[in-house]
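I keep these notes as a record of what I looked up in one model.

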Amino acid sequence: MISQISKDKLGPKYASMKEPIEACVHCGFCLPTCPTYSTMGDEMNSPRGRIFLMKETLEGKIDPSEIDPFIDNCLGCLACVTSCPSGVEYGELISPYRSWSEEQRKRGTLEKLQRFALLKTIPCPDRFRAASKIASVFKPVAPYLPKSFGAMIELAPSQLPEKQEFDPIYPANGTRRGRVALLIGCAQQALAPKINQAAINVLTRNGIEVVVPESQGCCGSLAMHIGASKEAQAAAKKNFEAFPDDVDAIISTAAGCGSGMKEYGTLFAGADEEIADQAKAYSAKVQDVCAYLDAVGFAPPENSEAPPIKVAYHDACHLAHAQKIRSAPRKLLQSVPGIELLEPAEWEICCGSAGSYNIEHPDTAKELGKRKVKNLMATNPDVIATGNIGCLTQIEFHSKDSEKPVPVVHTVELLDGWSPGR
Amino acid sequence: MSDFYSKLRSIFPPDRLYEDAARVTPYVSDGLTVFREEPKAVVMPISNEEVADTLKLCHEFEIPFVARGSGTSLSGGSLPIRDGIVISLNRLNQILDLDPDNRTARVQPGVINSEISAAAADHGLYFAPDPSSQTVCTIGGNLAFNSGGAHCLKYGMTSNHILGLTVALPDGTVAELGNDSLENAGPDCVGLFVGSEGLLGIALEIQVRLMPVPESFQTILASYDSLEAAGDAVAAVVASGILPGAMEIMDRLAIEAAEAAVSAGYPEDAEACLIVELDGETAAVDADFQALSTTMEQTGAKEVRVAQSTEERLLIWKGRKSAFSAVGRLSPDYIVQDGVVPRSKLGQALKDISRFSSEAGLRVANVFHAGDGNLHPLILFDATEADGLEKAEALAGRILRLCLELGGSITGEHGVGVEKLEYMPDMFSPTDLDAFNRIRRAIDPKEISNRGKMLPSKEAPALSSQGPHPLEKAGVISRM
Amino acid sequence: MAEQTQNMLKPSSIDELQSIVRDASKVIVQGREERLASPSQKEILLTRVSLSKLNRILEYQPDEYTITVEAGAKVNDVADALSEHGQYLPFNPPFADENLSIGSIIARGLSGPAACRYGILRDFILGVTLVDGLGERIRTGGKVVKNAAGFDIPKLICGTWGSLGTMTEATFKVFPIAPEYRTLVFKFSTFEAGHSAYVALGRSKFTLDVLDLNPDGHLFIKLGGQPGSMDNRVFTLENELGLSGEEPDEAFWDATIALCRFPEAGALVKVATSPKNIPALDIALRPKGQSRRYSINGYVAWVHWHSPLDELHNILENLGLTGQVVSGPEASSIVGNQSQNAFFNKIKSAFDPESKFPDLYS
């Protein structure tokens, strides 16, 4: 599709948006896998509709403020990238576009306050913990608050696990086969420190030394995905310093963080060369824990007593679509004795978590969450596994109402020998 | 006119009536982006009554309308009409009834083609028409354009699988056509309605025929050193008396694109590949497969591969069905043609197309339903060149006229839409077209239903082939 | 000038036919001149036309799977020409003994039992040329197996009994004849047992050429394929049904519904139905004791009707079904549900604004 977008006008930071727009042939193959299109059914809430709107806006034909609602509706799940035969890299368009439009946007006070609150709490485990406590007090009045504030409070966990500190280094068991640095994440570390613990257990048991850089912070993905590129860059830079160079890989246990860190190249497009190179080098090392384990070789835990369990696997969008990792977690799970893997319908459709989406767009997120839970439960599993903390929380939240709720765990927990009784 | 819109507002709440730029703009084109036209409004009905009421209003005020599903038309069939409205049927997307014993389903027009098969799968049934965009396109659009797919030779087109209809005629009256049987008693009004490109009204409920999923498949992928050799192989298969479910050919460019899109394992060093699929009862397929293998051995294939699993088979098809869009990787701008030639003239047609292509200096990728002689030359061009599109359209016109000279048709399955309007007078005489217009006016005297599509008419004088499209001259459409 | 015998005009060219239509005030095309309907109707102004001189096979290329013939060509001649190249008309035009013309088969909208395998007449008619009520010659559809240009008049015209115009030529898609066929009868003991097997088979993996049901519960089956595969397929089929298939008797069907000839008396009615509707239809027909045959996988019922047609009309209307009389003095009458009526009459006015051709819906 031809466009009249002027690269010069956009400048080096945003010029790259022209390519995905022009690569789109408007065939519509993205429509059925788009969670907003499949719930709303209108063109402006579809990937190709958004691409068209972004084109018109970047050409100066429509004011960005007019299309904001439809850009905001996008969960950034990138299912459209998986389904696109023409190879349109939507992810390389939507993130920069959000950042570009954020520069032109005037937000209302309430909305600003909420974004501020999100950007300041979720990425900081301590603040997140504090905020959760406050939120739990407000739960009874959530229905009376503005919709998304209500959602924020509704979704906030009523109780958080004990805070957990990690050692700076965990040596490999037996012969050392590799050395990695672990991103412990922010929200995940507050919500479920057991995930990182499981990852450390599995990695070390498989002969991998794990470094947990002490001064690390949020990777900035959440900010990046909602167009707050300044905040995202600051977070990323902090981690460039915090992480050592002498590791084989930087391991992420959260799909959202992993995919965000792999996008650092785009985030620092147009920045000075030194930092851009640093970003690229860092990005190149980022690996999802399952992909890494699959690549270096994984031995399942020796637990012959474990009862057989049926595991429904949920593809996190930022793993399956953004990082194109689908087979590694399945392969690993199937190698664990006693695990039977179940495949739910509509694997490609987002669960509605999508970073902070379930807070900003509670209605759509709720519909998608229920749909996802329905598909997962239809397989009649003993446990649901996924590779992303956001999905985990979302699915857990929406399965509360199902007839027979089942535990929702991270894939790596199962690789660490998780069983229902344990 | 403002009366019309205020009445429209009384039918639709604001969240289902779009009049602002941000919500109307995404509807300016369908799968054929070289044509764009902004509608005055887009409405999103959720009931048959809303559709009928809208049409009554359009009829009263003489406002043209186009019904739209997923907007995947490759002929501009769902292109908006100037000063008209778009009726988006995406929320009429329920499967109303599925009757496995009668092998029928009753569906709303916004249901996606492959969803019917998915719903029928539990009963061992499926909906046979399988246009390449089947995971996206809606049954309403399939019906309006009598869509085809890869399995038409044996199983027919959409029309052969639509049994009964509830339709809203262009004046808003609702009529029942056909029944829930495969057979008719009396005239086949459903047959007329299907493929009428939206000129006779809007289908509200569609009774489709389902078929038992074949017990077995054998899918063969053969590669050849030339397109002609692949074409000859098709002739050999036909001559052998075997009736395959599908026979498809892709040329080198198309293979390259499809492989990049889905990694189906197509032979990338081949000039052409041929997909032949047998389906039916296991014993029958096995026997046919023996006969087919013998035939194929004599066709000089470089390599013959047989799909070893359902996954492999589906991947071969996924690649084939992604080919059009995948060509977007080779060139961001292309137009797809859809001409048909008698199968025995395939070789000649391909040779001529290749000659036209080099004369025009434009690359042409070929993907086609070889069993039906249905060609899909994809003409790649550079829209940033001043005359890029004109050159491509001139080449497309040459190819379509070639199809007619060889005794074929200008469209096998994409429909005439706006894109092939100017070639209708090449295929049909003024008398034929006059008869078509009489039929159209008998049902829609004000010519408001998808005005400007299929039939060159008063708003859309056809007949010129070079320079600006006649519709552009008439101010009906504009591009880019 | 067109030849005239017995009050019947026999044009030998389409031009002649066009001028006949232009000059006439009422035209009727007679498919079977040897059996003229009794000249009761307001006859004097009626121009009778026979297309028996327009009877050529115009184009037949076996490797195209298509054949183009003139409307007056006899179905049996076309079938012979096709079978020389191992091909056939897959919609299985019935009433072979009547020696009907192609035009007559199309006008009557007739498909035979073996349409079960691949589809009925509408599924195999690709193009038609006709002379409309203005005397204009209209070509519609195409000569290739796939075509989506213009209104699909070839389908519309099936079953219209010449009410839209006079067809002069038609193009069909044809298929290869299977190398071998088997015909078997499965004798279920009751109608109910036969019917449930009938429905189950229709939904099954079996690809049958004929699947008909007799009211006594007997299933009539034909299947075709490669010689090596037939024993195996019959074996699987017998296993599935839990019955052995028997060779059918020479006269398996009552002559009036054998679909070889039109019955001497009474009306033969084709009812469009569906597999699940059959029991209700059969129960409604039983008291009348009329012979009937369920065909094409349960989508067609052939009923030989001797009572007043109104009675059948009421039965069908109650069941929401439609039928059309195929032979006898009331041929072309549509009984039962007539919901298409208004729509079709508008279409007819487009083809035949001066009402020169007979009406289908009164």
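The entries below go through conventions, chain pairs, chain B, and then chains A and C.

**Conventions**

I am working with a predicted model, in which local features need pLDDT of at least 70, side-chain atom pairs count only at pLDDT 80 or more, and totals for chains, interfaces and linings use all residues. I number residues from 1 along each chain as its sequence is written, and I take chains as lettered from A and ligands as numbered from 1 in the order in which they are written.

**Chain pairs**

I began with contacts, where two residues count as being in contact if their C-beta atoms, placed from the backbone, lie within 7 Å. Of the 2 pairs of chains in contact, I find that chains B and C share the most contacts. I find no contact joining chain A and chain C, and their closest C-alpha atoms lie 21 Å apart.

**Chain B against chain C**

I looked up how many residues each chain gives to this contact: 78 residues come from chain B and 72 residues from chain C. For the elements I use DSSP runs numbered from the N terminus, with helices being H or I of at least four residues and strands being E of at least two. On the side of chain B that touches chain C, at least two residues each come from helix 6 (152-155), strand 9 (174-178), helix 7 (189-193), helix 8 (227-239), helix 10 (282-297) and helix 15 (430-443) of chain B. Helix 15 of chain B gives the most to that side, with 8 residues. I then sorted the side of chain B that touches chain C by class and got 34 nonpolar, 28 polar and 16 charged residues. In this sorting Ala, Val, Leu, Ile, Met, Phe, Trp, Tyr, Cys and Pro count as nonpolar, Asp, Glu, Lys and Arg as charged, and the others, Gly among them, as polar.

**Chain B against chain A**

Here I count 33 residues of chain B in contact with 26 residues of chain A. Helix 2 (21-24) and helix 11 (310-326) of chain B each supply at least two residues of the side of chain B that touches chain A. The largest share of that side, 4 residues, comes from helix 11 of chain B. By class I get 13 nonpolar, 15 polar and 5 charged residues on the side of chain B that touches chain A.

**Domains of chain B**

I took the domain bounds from an automatic or database domain assignment. For chain B this assignment gives domain 1 (2-88), domain 2 (95-212), domain 3 (214-309), domain 4 (331-419) and domain 5 (422-473). I looked at domain 1 and domain 2 of chain B, whose centres, taken over C-alpha atoms, are 23 Å apart. I see 16 residues of domain 1 of chain B in contact with 19 residues of domain 2 of chain B. On the domain 1 side, helix 3 (48-61) and strand 3 (65-68) of chain B are the elements that give two or more residues. Helix 3 of chain B has the largest share of that side, 7 residues. The classes on the side of domain 1 of chain B that touches domain 2 of chain B are 6 nonpolar, 8 polar and 2 charged residues.

**A sheet in chain B**

I count two strands as paired if DSSP finds at least two bridges between them. In chain B I find an open sheet of 5 strands in the order 5-6-10-8-9, with antiparallel pairing. Strand 5 (95-99) and strand 9 of chain B are the edge strands, each pairing on one side only. The twist averages 10° from one strand to the next. Strand 8 (residues 162-168) of chain B runs antiparallel to strand 9 of chain B, and 5 bridges join them. I noted one bridge partner: G164(B) goes with G178(B) in strand 9 of chain B. Helix 4 (residues 113-120) of chain B lies across strand 5, strand 6 (104-107) and strand 10 (202-209) of chain B, and runs at about 45° to strand 5 of chain B. Such axes are lines fitted to C-alpha atoms, for helices over the stretch in contact, and angles run from 0 to 180 degrees between N-to-C directions.

**Chains A and C**

I list 24 helices and 9 strands for chain A, and 11 helices and 19 strands for chain C. The C-alpha trace of chain A spans about 65 × 50 × 45 Å along its principal axes, and that of chain C about 65 × 50 × 35 Å.
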